[in-house]
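Welcome! Please take a moment to look over the sequence and the model, then try the exercises.

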Amino acid sequence: MDIDLIFKIAAIGIIVSVLNQVLSRSGRDEQATMTTLAGLVVVLMMVAREIADLFDLMKTLFHF
């Protein structure tokens, strides 16, 4: 696992939290919630891709 993945996830978290604060302070709570959900989906897709790569590695390692 690369350290770049951790930095990408942290950067997405920081951007989403700033956008969430800006949108909620301006009275756009629905958009703030949707921004948070979109950030969560992006991070979950990144993690799911890494888990899929891990399972492929295990499959080739143990010849399944």
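Predicted model: local features only at pLDDT ≥ 70, side-chain atom pairs only at ≥ 80, totals over all residues.

Residues are numbered from 1 along each chain as its sequence is written, and side-chain values use heavy atoms, with hydrogens and water left out.

**Exercise 1.** Find the residues that make up the largest nonpolar core.

Solution. Start with the term: a nonpolar core is a set of buried Ala, Val, Leu, Ile, Met, Phe, Trp, Tyr and Cys residues joined through side-chain atoms within 4.5 Å. Buried means under 20% relative accessible area, exposed over 50%, and partly exposed in between (1.4 Å probe, protein chains only). The five residues are Leu 5, Ile 12, Val 16, Val 43 and Met 46. H1 gives the most, with three residues.

**Exercise 2.** Check the span of H2 against its 33 residues.

Solution. The expected span is 1.5 Å times one less than the number of residues. For H2 that should be 48 Å, and its end C-alpha atoms are 48 Å apart, so the two agree.

**Exercise 3.** Is Met 58 buried or partly exposed?

Solution. First locate Met 58: this residue is found in helix H2. Its relative accessibility is 36%, so Met 58 counts as partly exposed. By contrast, the buried residues of H2 are Ala 32, Thr 35, Gly 39, Val 43 and Met 46.

Conventions
Helix = DSSP H or I, 4+ residues; strand = E, 2+ residues; numbered from the N terminus.
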